[in-house]
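Take a look at the structure below. We will start with the whole chain and then visit two of its residues.

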Amino acid sequence: MDNLSDFVHIKTLPKTIVDFYEHTDQYRLFASVKWSTWFKPLAVCYKLISTQLQQLNLPLSSKWTEMTCNICAVDPMLDGRKNPRAWIRQVKEKTVFTAIYSQHETKGRTYMNIALPLPHSSMIGILQLKASDGTLILTSEGEGDPGIYLAIGKTLFKLPLSENFIIQETREGKLAAHHNMKIFGIPFLKINYSIIQK
């Protein structure tokens, strides 16, 4: 994003967190994916599909692995949102995740607006941001806009999914992030990230 200050008061955050969101390509990203035991059979089945789609194609193993990243501009005339940019993450040259980031404002509050292209549709995450005691929290939970949606044409469905990110500085130039996902309020996925300045 251009300015994290569009979303939160950055004076309460470490400079590394601000710098990561404004200069993401200057950081290395390592991840450990942990599927809940009850969800693993579904994750294995989904992996067969996600490998072909090259979208939400997360590893089944919890082994720490580096995700290489590429950020590129997207034509706002094609996307329809303000200053969109794609963040493409790969593991061993296989695309894991492609998301197009933008933002929108409702009633004076700015939200992160993330689109994940899918065949004939898009999954959209609307996140609200909060800075608290040096920690940045992003969540799809809350009243109003936040949530995870599926867009098919001009039809929008709210999905029974939720996600929360917690980002903290562990030392200067290094961050730890924790991404938790639930379905129908039940945890099914946790991704831990180690983020290191290049």
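**From the whole chain to two residues**

Buried residues make up 44% of the 198 residues in the chain. Keep in mind that this is a predicted model. Its secondary structure comes to 3 helices and 12 strands.

What radius of gyration would a compact globule with 198 residues have? The rule gives a value near 16 Å, and the chain has 16 Å, so the two agree. Along the principal axes, the C-alpha atoms fill a box of roughly 45 × 40 × 35 Å. Now look at the contacts with a separation of 6 or more: residues 24 or more positions apart account for 46% of them.

Next comes the surface. The chain exposes about 11,200 Å². Carbon and sulfur atoms supply 57% of that area. One nonpolar patch on the surface is formed by Trp 38, Leu 42, Phe 184 and Ile 186. Together they have about 460 Å² of accessible area. Find Trp 38 in the loop between β1 (27-35) and α2 (40-53). Trp 38 counts as partly exposed because its relative accessibility is 44%, which falls between the 20% limit for buried and the 50% limit for exposed.

Now move to the loop between α2 and β2 (65-73), where Asn 57 lies. Is Asn 57 buried or exposed? Asn 57 is buried, because its relative accessible area is 5%, and buried means under 20%. What does its side chain reach? The side chain of Asn 57 reaches the backbone oxygen of Thr 95 at 3.4 Å. Leaving aside neighbours within four places in sequence, Asn 57 is in contact with Lys 47, Ser 50, Thr 51, Thr 95 and Val 96.

Note on methods: Residues numbered from 1 in each chain as written. Predicted model: local features only at pLDDT ≥ 70, side-chain atom pairs only at ≥ 80, totals over all residues. Heavy atoms only, no water. Patch = residues over 30% accessible without salt bridge, like charges linked within 9 Å, V, L, I, M, F, W, Y side chains within 5 Å. Areas by Shrake-Rupley, 256 points an atom, 1.4 Å probe, with all protein chains shown as cover. Salt bridge = Lys/Arg side-chain N within 4 Å of Asp/Glu carboxyl O. Helix = DSSP H or I, 4+ residues; strand = E, 2+ residues; numbered from the N terminus. Buried < 20%, exposed > 50% of the residue type's maximum accessible area, 1.4 Å probe, protein only. Rg over C-alpha atoms; globule rule 2.2 N^0.38 Å. Contact = heavy atoms within 4.5 Å. Polar contact = N/O pair within 3.5 Å; in protein donor to acceptor, adjacent residues only side chain to side chain.
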